[in-house]
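Welcome, and please open the structure in your viewer. We will take a short walk through it, one selection at a time.

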2 protein chains.
Amino acid sequence: MSDRIVKIDLVVHRIVLIGCLNLLLLCVMASCSQEQKTTVGLNHQSILFDKQSLALIQKEYKNIPLFNESIQEAMRQVEQEIANGIEVPVPQDLAGGYTHERHKLNYLTMQKAGNLFMITGNEKYAVYIHDMLLQYAKLFPTLSLHPSEKSYTRGKLFWQSLNDANWMVYTSQAYDCIYDWLNEEQKENLEKNLFRPYADFLSVENPQFFNRIHNHSTWACAGVGMMGLVMKDEELIQRALYGLEIDTLAVGVKDNDGGSILAPGQNRAGFLAQMDMLFSPDGFYAEGPYYQRYAIYPFVVFAASLENARPDLKIFEHRENILAKAVYALVNLADSDGEFYPINDAQKGMSYYSRELVSAVDIVYHFAGQNPELLSIAEKQEKVLLDATGFSVAQAITQGKAKPFIPKSLELRDGADGSEGGVGILRMNHSGGDINAVLKYTAQGMGHGHYDKLSYSLYENGDEVLQDYGVARFVNIEQKDGGGYLKENKTFSKQTIAHNTLVVDQNTNYGGKIDKANLHHSDRFFFDKNRSDIQIASAKDVNAYEGVAMQRTICLVADSLFEKPLVIDLFDVRAVESHSYDLPYYYFGQILSSNSNYKTNATLQPMGEKNGYQHIWEEGRSDQLPSNTKMTWMQDYKFYSWTAVTGDGDEFLLGRIGANDPHHNLRSDPMFMLRRQAKNAVFASVLESHGQYSPVSEFSTNAFSMVDNISITFQSEEFIALSIRHTGGSELRLVVCRLDNGTDTTHEIEIDAEKLVWTGPYYYQVK
Amino acid sequence: MSDRIVKIDLVVHRIVLIGCLNLLLLCVMASCSQEQKTTVGLNHQSILFDKQSLALIQKEYKNIPLFNESIQEAMRQVEQEIANGIEVPVPQDLAGGYTHERHKLNYLTMQKAGNLFMITGNEKYAVYIHDMLLQYAKLFPTLSLHPSEKSYTRGKLFWQSLNDANWMVYTSQAYDCIYDWLNEEQKENLEKNLFRPYADFLSVENPQFFNRIHNHSTWACAGVGMMGLVMKDEELIQRALYGLEIDTLAVGVKDNDGGSILAPGQNRAGFLAQMDMLFSPDGFYAEGPYYQRYAIYPFVVFAASLENARPDLKIFEHRENILAKAVYALVNLADSDGEFYPINDAQKGMSYYSRELVSAVDIVYHFAGQNPELLSIAEKQEKVLLDATGFSVAQAITQGKAKPFIPKSLELRDGADGSEGGVGILRMNHSGGDINAVLKYTAQGMGHGHYDKLSYSLYENGDEVLQDYGVARFVNIEQKDGGGYLKENKTFSKQTIAHNTLVVDQNTNYGGKIDKANLHHSDRFFFDKNRSDIQIASAKDVNAYEGVAMQRTICLVADSLFEKPLVIDLFDVRAVESHSYDLPYYYFGQILSSNSNYKTNATLQPMGEKNGYQHIWEEGRSDQLPSNTKMTWMQDYKFYSWTAVTGDGDEFLLGRIGANDPHHNLRSDPMFMLRRQAKNAVFASVLESHGQYSPVSEFSTNAFSMVDNISITFQSEEFIALSIRHTGGSELRLVVCRLDNGTDTTHEIEIDAEKLVWTGPYYYQVK
């Protein structure tokens, strides 16, 4: 029953039972005012439910544990806010401040309350939303721009329009839920005084925000479009889907991160253009998974709204199911604990447990193929959306439909047309867990990109072994510059030396110039995941350093000779002139042994003065390296050994992050590095994870490297061959093509009087 | 059936069924030779079983999951060794080498095989043990001393007699299990050629090993005594219980660790003397829990053997149940993950999951009171001994008798008579976990002791917050000096500056002289665990530094003002002359903020040249401190804030371990430190654990300290008073007595015109 029906009932009661029943009536009223429950029907085109699924949810939700738990959790949160009372303050603060956090909590709570009202029929939730919206409808017309002038697109409730668009995305869902429950007058008040002018503010009044090919604009389009769908405002819907006229954008204007407002070559705008241009054909998002996680929410939630309200658009089929691909890309851009690879500006620990991925997984499951592997991720997430998509997921899990999601090796291309390099993800499972290497050969990734062409990171069982440092930022930790980007993000984290990749003459890729970096990308050379004994990725870059051509090949090889898969790293550099080459590796744990003859320093100096080197203490050094330099360390009671081909003139350096860091903004993590003066050089190394130690039994097993020797056995313009000899005498041979990456080309070389013949860009053999 | 009965049966068969049954007979023989199962009875006085319990185990073991799993696990291990074949090599190697590890594996396997034979009746286990013992009986008479001359007491099979005693402890159990199964001739062979001469070697031939008050001798006595019990050799038993004549020991002779062979004042020897002198009345073992864990095994296993074979001795009641007390001391000397506090030479990660504690828990449960709290530890251990004690534990767990072991605050006195200081363990549980502080005011702890009088360490939920560094050693990791003590253990880990305690004039306690340190101990001043709002320990030391009297008071206080219990640290030092005082704290994680105005260094120098300072890089420093110096850091997504009373002339230093460490033998852990020049000084500080951060939701809660101010509000010869003001204005007051620790004395002081009256050595109030 809606509250109006309740009122009519009361009138009837009064007429019939005057007098003696007054006492009972009072009891009924008191009871009703506490919990006015009804079964909510659907009399408009909802963006969240259809009639059938809503009826099913209302009937069944208590029997679907995961859904019911999510309901209970939402109830606890909303009840607490209802008890707290409504607060709609005049905007004043930046992120982290009271008015910002309050308005944010308001829209999150309204959205949940809307879902709860639809499902439980308890009208207190509807009342709460409407009461709050009334206050917003009163406040909004009085607002000029937010007092802070920090943003390129100032908002109304928030310091930047982006947050206002967030408000609209969540609030449109709450409005959708109480739409039928409101009378016409109430709806008109809200739409006229709040929603429509707010939507205009986010679009026509701020084209530099609305009309970009950028995740900010996705939020704007989603907010405007979703509210348009609920309000049946076709103008808003068209605006959201197709954008404003493109000439509203000025050439050369930039946002706060240095990103261009008008994208190079941009001739369209709106949601569909964003779907076409922000993702690569494989669903990769240029800034990397940390930002893709943030960007994915408005994409999937607006798409779900469109699928509900405008199914004829077939939005999930658009561009060959690009949204589903984007979600699969995300869950694949994570280590085996579900944590995203921290490439570019990325805070570590963000994972597919985030609320954005809960939405993405539920929506893509429901609307894009019901892939049972997504269910196993939803099971781990332990929560679902409180709508038809979440119910669909929870119900399927209850029905036992979940299948394990086992990430495999894959390549994700970068660039709108897939031509701008990519990421090669190599994975091998073994009896004790998994080894997972990531080779990055993407484009720059816009303002949040790092200068780390051909960088590589390594994971074992979800733990970092060779780390990508990630961002120098403590999001929402006020003590660290209010949670914003720290100075050291630019001076260290973005620099090439902060990554496991080659640094030429101690300079950063592209001289650290973003405009130049934005013009280029690395290139895949080959990628092969089809063999069980080897998984291999090879990529090239010729632009990061002028006159320097780099090729890096990373592969995992599995052989019964070794306890776990080995990682081979072949970094091949050729230049016009001689250079100083540095190849750093950021490891964790404690050094157990090394044959490098390194001497530690009595006092510590930074490794350099600029380009990130100023932040690394030089701990030790050797310039007398054997033909194979080895280092073994222990991390989390596991042993790791690195063996590299070295020679005369090579230097081995040990370092630790932390120099010139007056506020301890950087982590004090260790690294080691090879340095070589050369024109052409090949850095060849093998990394073994082996054995373990128990501090309880005090037994160690397989504490020693099983690599007896590695050597480059052949080099020509066309090929390079590496041999890895096991202590037992067996030999692993890898030959990599330098020029021809054709899969059908047949090659032939002779090594030690033995003829090798193969087809394709590499050859691998154990003998 | 024993194998002799099987043979008789076969003879009968042959007579009756000559000829045509030969084929069948061969089949029977083949089958029998694979699995000759029988029900083993008990026809001698076993050290492991009595008839009744053995029969019960044989009948029921498959129904007791924990016991059966332990059986299965042992079977897997023993089967593998049986398949591998018997190897009894001529002794040659040191620890870690082949012959050492082989003989060690042999005795561990024999012991398990013995248990399996008794329980399953499968004779292959008995055959395996006997075959192996025959080889030992052949080898032993040919052996002179082990070729290595490193030990003060060289062994036969091993480089030190200690390991030979280990062999005897385990092998006596295996022999016990097959005793009835062997015929007289077989027993005589083993006893005459192996056991008796070996026992003589370990005792009369090596009194400097056998006759000490030291855990080495406990192993010797246990080995000799247990073998004596099985062999019914009363001479060996008496030797083990009461030692040799005391004058076999020479005055002034030392062992490899620098420990005296003849203990000061020693006039007895043997197992009973060790029980009387090696533990404090509370069961504390002077070297600390890491070594107590190692030492406890021969104590409990020999005691269990005595309880089985000589119940009249009532060994578990000896010295008011001292062995049970020692085991309870051990399980209480562990953080909430069961890991032992790493005081003195202790490798971190050792815990009550070790095999020694499995034995100790099972034996003490069975023979000393059936405390159901021990069962919950056994449940966590997930394994039990394969004898009557382990069965008793496993059965009780199956019967649901386990009760949670919830560690509480307690004090453990040190010294044979309990007069040599002790350890104060403070614990408070709160809704989100536990806070646990440890104040060390023990005696030196012999050769493995660290020079850290009044040091303190802090734990939260089993994780270190303020760490005790522990040992610089990687036990059994060959790369690190063969797993032995590293040079840096002496130059850093043992030094006072390596601990969270006061360093005077940058010197180590007692000038780092072990002979002097052995003469002294700190003293408890008071310890009170009886209040729920405060748990407090206070201790004094007047010997560590000449002319310097120190009193440290550590307390946990719980108040609804604060999210979790606070830790108050009041370090009160008074000296005859002026000194430089350093009070370091070894924390973990990353600094978020500090009001200390510290400046970081452009290059790093060691903090000093000796006494451990040479191993610490000075990262930063401030000599302009406010009246309260604060620092907040984040560790594992939890926030910690330290607030200290500081003033003019005080210095704040930031450092990191790792200088002068050419082989990276030390961990690169951070520290901060207060430095003050003064005659008398009070270092007062508060440590808060507060809030948390989620990298997934990116929300932080309670990220800021709630301590507005702390100050010393009163000082006199007799008292010192501290006030802690909460940001909301409330005040926590603590007054500590400096002279009178009587619990009945009534005191009165006036602070800010308010009169405080209380009884006992401290006063605490929230107002």
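In which loop of chain A does A:S694 lie? Select A:S694 and you will find it between β19 (681–693) and β20 (700–701). Strands here are DSSP runs of E with at least two residues, and helices are runs of H or I with at least four, both numbered from the N terminus.

A word on what you see: this is a predicted model, where local features need pLDDT of at least 70 and side-chain atom pairs count only at pLDDT 80 or more, while totals for chains, interfaces and linings use all residues. Residues are numbered from 1 along each chain as its sequence is written, chains are lettered from A and ligands numbered from 1 in the order in which they are written, and side-chain values use heavy atoms, leaving out hydrogens and water.

Buried means under 20% relative accessible area, exposed over 50%, and partly exposed in between (1.4 Å probe, protein chains only).

Next, select A:D463 in strand β5 (residues 463–466). A:D463 is partly exposed, at 30% relative accessibility.

Finally, zoom out to chain A, with its 19 helices and 26 strands. Its C-alpha atoms fill a box of roughly 110 × 55 × 55 Å along the principal axes. Of the 767 residues in chain A, 62% are buried.
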